[in-house]
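Okay, thanks everyone, let me get the picture up on the screen.

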Amino acid sequence: MRTFYYKNKPSIIGVSSVGGPKESAGELGEYIEIKSNDDTFGEKTFEKAEKKMLYTVIDNSIKNANKGIDDIDAIIAGDLLDQIISATFSARSFDAGYLGVYNACATFTEALTIGAALVDGGYLKNVVCGTSSHFSSAERQYRYPLELGCTRPPQAQWTVTGAGACVIGQGEGAKISCATVGRVVDFGVVDVNNMGAAMAPAAADTLYTHFKETGKTPDYYDVIISGDLGILGSRILTDLVWQKGYDISKNYLDCGAMVYKNAKKEYQGGSGAGCSSMVFCAYFYKMLREKKLKRILLMSTGALLSSLSSQQGESIPGIAHAVCIEI
Amino acid sequence: MENNQNFINDNYLNYVKSVSPKTNEKRSLIRAFLVGGLICSIGQGLRYMFQYLVGLEGDELAAYVSAVMIFLGAFLTGLGVYDRIGKFAGGGSIVPITGFANSVVSPAIEFKTEGYVYGVAAKMFVIAGPIIVFGVASSVLVGLIYYGIYNIF
């Protein structure tokens, strides 16, 4: 069994989100708490900018939960950079425990799964879960210099410049009721530009496992949300799940596909560890609080490659963790 | 691997291939032709200019034209324009010598944050390095073949 239920249903008691210029001008821009017109956030390097974003959302989510840093027992955070420096260096500024986690773009639901378990078991009182990504810092680590004149293939996605964090504790807020831990699935996709296709089998596996182990059907949820499969990956996921006998075409959304205005212009939409956390903390959490949505399944998806592994000819393993959040 | 579902799944890869969007080849070719042609025309224009107005010729003339084109490529990269041209033109702006300048200057700008030694200097040839290596290697090879043919016949 990879699905388990939280007996005490820990709550998400405060959230915060930050977005870069492109994200703030995007489809969900109006919901983002801190919108920035400057993608360096006043810092000298993009890595420092990403750290500042993550620091800001962690700090703000604690304030939004009406807590102080003394109430926070642990920060669980991660990002895409080598040695998850954004998360670690943000945590440096807080007088709280720190657990660094990495599952590429699936880090957010991984952090939620762990954080909710620690709170649910009564081991920790309040936990902050957050992730971030920055287009420019990801681009230089995984791809080419920004000013290099090259074209992107049509199946490519655009890394979201943004971060999101939420405080899990006991109290008023949306409740985390169950989680399905994902499995590393690799169907042999080697195209580093086609992350959607690389991650979709893992997402399908997690969804299928979730439905099988809980006995639920897709219409149990108001909306099923994947992290950053993009337009192409979403289509593949819908097909793969359909083959297993579940129809998610009516109530399925993808954070990456909905984050930019005219996603087609960014080819398949947004991606990155900050994609699902920013979209959830900005938009879906608000929808839950306003009771426009009652029960959602949030499933961040990650591609577990490194630039070394793909240069050595390895295919791209994917992972997805699903968390059920209800009001 | 037997008990694992993880293996190269040919059915899936074929399916992915069938649903993935294709690059619009006709459009890419036309754009590359137009922009690449324009860059080369500018180069040819410079050549005429140096030849008839300044009176240069031979290797000197070629060196002057290359130097100016390299400067233009580097300058437009610094202004943040060349990547936009590249996004539109694809191979049309990569192949000419301006593209080579772009591939040297863009990492130099990008890695300035890691300092002048480990950043700018070390990373400057990250993209252009392979071009130089294979360029030199293939010119040696062609030289040897030429030498062989020349001596035999």
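So, the salt bridge first: A:Arg140 pairs with B:Glu114, and the closest N and O atoms sit 2.4 Å apart. Keep in mind that this is a predicted model, so that distance is computed from predicted atoms.

Where do the two partners sit? The pair runs between chains, with B:Glu114 in the loop between H6 and helix H7 (116-123) of chain B, and A:Arg140 in helix H5 (residues 135-142) of chain A. The count between chain B and chain A is 2 salt bridges, and over all chains the structure holds 15.

Now the rest of that interface. There are 10 residue pairs in polar contact across it, both residues at pLDDT 80 or more. On the chain B side, helix H1 (10-19), helix H4 (82-89) and helix H6 (97-110) each supply at least two of the residues that touch chain A. If you sort that side of chain B by class, you get 13 nonpolar, 14 polar and 5 charged residues.

How many residues does each chain put in? Chain B brings 32 and chain A brings 31. The area buried between them is about 2,600 Å², with carbon and sulfur atoms giving 57% of it. Within chain B, the residues that lose the most area to chain A are B:Tyr12, B:Lys87 and B:Glu110, together 23% of what that side buries.

Two packed helices are described by the angle between their axes and the distance between the axes.

Take helix H2 (residues 25-54) of chain B against H4(B): the axes come within 8 Å and cross at roughly 135°. That makes H2(B) oblique to H4(B). From H2(B) you have B:Ser28, B:Arg31, B:Ala32, B:Val35 and B:Ile39, and they meet B:Tyr82, B:Ile85, B:Phe88 and B:Ala89 of H4(B). By class, that contact has 7 nonpolar, 1 polar and 1 charged residues.

The other pair I want to show is H6(B) with helix H8 (residues 128-152) of chain B, which pack at an angle of about 130° with their axes 9 Å apart. So H6(B) is oblique to H8(B). Who makes the contact? On H6(B) the residues are B:Phe100, B:Ser103 and B:Val104, and on H8(B) they are B:Ala128, B:Ile131 and B:Ile132. The class count here is 5 nonpolar, 1 polar and no charged residues.

That's what I had, so over to you.

Key. Residues are numbered from 1 along each chain as its sequence is written. Chains are lettered from A and ligands numbered from 1 in the order in which they are written. This is a predicted model: local features need pLDDT of at least 70, side-chain atom pairs count only at pLDDT 80 or more; totals for chains, interfaces and linings use all residues. Side-chain values use heavy atoms; hydrogens and water are left out. Contact means heavy atoms within 4.5 Å. Buried area is the accessible area (1.4 Å probe) that two parts lose on being put together, summed over both. A salt bridge is a side-chain nitrogen of Lys or Arg within 4 Å of a carboxyl oxygen of Asp or Glu. A polar contact is a pair of N or O atoms within 3.5 Å; within protein, one must be able to donate a hydrogen and the other to accept it, and residues adjacent in sequence count only if both atoms are side-chain atoms. Helices (H or I, at least four residues) and strands (E, at least two) are DSSP runs, numbered from the N terminus. Ala, Val, Leu, Ile, Met, Phe, Trp, Tyr, Cys and Pro count as nonpolar, Asp, Glu, Lys and Arg as charged, and the others, Gly among them, as polar. Axes are lines fitted to C-alpha atoms, for helices over the stretch in contact, and angles run from 0 to 180 degrees between N-to-C directions. Angles under 35 degrees count as roughly parallel, over 145 as roughly antiparallel, 65 to 115 as roughly perpendicular and the rest as oblique.
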